[in-house]
Amino acid sequence: MLVGIVARDLVKRFPGGSGRAVDVVSFEIGAGELVALLGPSGGGKTTVLRILAGLESPDEGRVLLRGVDVTDVRVQERNIGFVFQSYALFRHMTVRENVGFGLEIRGKPRAEVDRVVSELLALVRLAEFGARYPHELSGGQRQRVALARALAPGPSVLLLDEPFGALDAKVRLELREWLRRLHEERAITTVFVTHDQEEALSVADRVIVMNRGKVEQIGTPEEIYDRPATAFVAGFVGSINELEGEVRGGRAALGSLAVHAPPGAGDGTSVRAFVRPHDVELVGVTSRVEKRSSVEVATARVERLVRVGWMVRIELKLGDDQPLTVELTKDRVAELGLTEGEEVFVNLRDAKLFVQDYSI
Ligand code: ADP
Ligand code: MG
């Protein structure tokens, strides 16, 4: 894999800030890769992006672009395109003038500017809108113009900081798919920051999860979702149940449930288990099915049934009052004859166990 971006041991403290905003962050991004920097607000994502861009200089560490150390290279000379959440377009310029601006200031000939602008407007599906002014566009269209403007000078790296954050849910969804397609056509090394795990998992080739200035995990969306490396990642990514328990008799007891104990964890060790709603098996209503012999099967009470489109979210309470949420289709709920207040048998297909914060 050709390397597009290397961040090596980046550290950043802000004057007056408490501690390190970026606390020894390292990663490599392949040339042409689309990577999401995902994490909660205040985790250090924007600061990392600004360091990559050269808008902020790190206290320690290096940044390499295509193998060249650019840590001391000025922002204008890094050949990077940016789009921020509210990256204002020039209000007094048309769409064409906005997109062509970066080429004009570089003194490119008229014909070349025209050609590149037309190409990019076609790419962002705004060919018909060249003569409009920003206030004549929707929010989603403006962000596409901002993206075309960032792409115009032919950057080798594109950095997007919550680019769709200010837009409504439906437009965000469209722009997500659009960004994915754009990336397939252009294959520019792209890093986009988001606090939205669904956005990160659905768009990116790989995801870097950041929290409190540190990298928690780097992996493909599948790895992040299926094999969270830390309890933080397990809790942050995907809708999930968190159960507490301890190891007893070689098994991890979680409320009325029991699963395999983490290897090497002796009796009395406290564990946290993360369970996806679709990894909970609802075996049936206790009054109507035989209890299975499996030791994992436990009883729970149906507290609430919430219909969400074609799914039903079933909120259960385990024997020791720990809540557990399951998702089933409407048809399955009808088939089981579930109603609120009933007792059911449940089983866990999968649980991710952590002793303190370490993955097992
Ligand atoms: P994120 O983008 O993940 O929300 P940021 O990189 O913006 O996180 O911020 C990381 C931490 O650094 C936060 O605690 C934030 O308050 C602090 N911070 C960011 N920029 C500055 C600044 N210019 N001056 C002081 N503190 C800052
Ligand atoms: Mg930010």
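The side chains of Glu56 and Arg50 meet in a salt bridge, with 3.1 Å from N to O, where a salt bridge is taken as a side-chain nitrogen of Lys or Arg within 4 Å of a carboxyl oxygen of Asp or Glu. The model is a predicted one, in which local features need pLDDT of at least 70 and side-chain atom pairs count only at pLDDT 80 or more, while totals for chains, interfaces and linings use all residues. Residues are numbered from 1 along each chain as its sequence is written, chains are lettered from A and ligands numbered from 1 in the order in which they are written, and side-chain values use heavy atoms, with hydrogens and water left out.

By the rule for salt bridges, the count comes to 30. One of them joins the side chains of Arg20 and Asp23 at 2.7 Å, N to O; Arg20 is partly exposed at 35% relative accessible area, whereas Asp23, at 15%, is buried. Another brings together the side chains of Arg272 and Glu242 at 2.9 Å, N to O. Because Arg272 belongs to strand S14 (residues 270–275) and Glu242 to strand S11 (residues 241–248), this pair ties together parts that are 30 residues apart in sequence; strands (E, at least two residues) and helices (H or I, at least four) are DSSP runs, numbered from the N terminus. Arg272 is partly exposed, with 30% relative accessibility, and Glu242 is partly exposed as well, with 36%. Salt bridges that share partners also join Arg172, Arg176, Asp196, Glu198 and Glu199 into one network.

Ligand 1 is surrounded by residues that include Phe14, Ala21, Pro40 and Lys45, a residue being near a molecule if one of its heavy atoms lies within 4 Å of it. Helix H1 (residues 45–53) gives the most to this shell, with 3 residues. An oxygen atom of ligand 1 lies 2.6 Å from a backbone N or O atom of Gly42, and a polar side-chain atom of Thr46 lies 2.8 Å from an oxygen atom of the ligand.

In helix H2 (residues 95–104), the buried residues are Val95, Asn98, Val99, Gly100, Gly102 and Leu103. These buried residues pack against helix H3 (110–123) and helix H4 (139–151), contact here meaning heavy atoms within 4.5 Å.

Conventions. Polar contact = N/O pair within 3.5 Å; in protein donor to acceptor, adjacent residues only side chain to side chain. Buried < 20%, exposed > 50% of the residue type's maximum accessible area, 1.4 Å probe, protein only.
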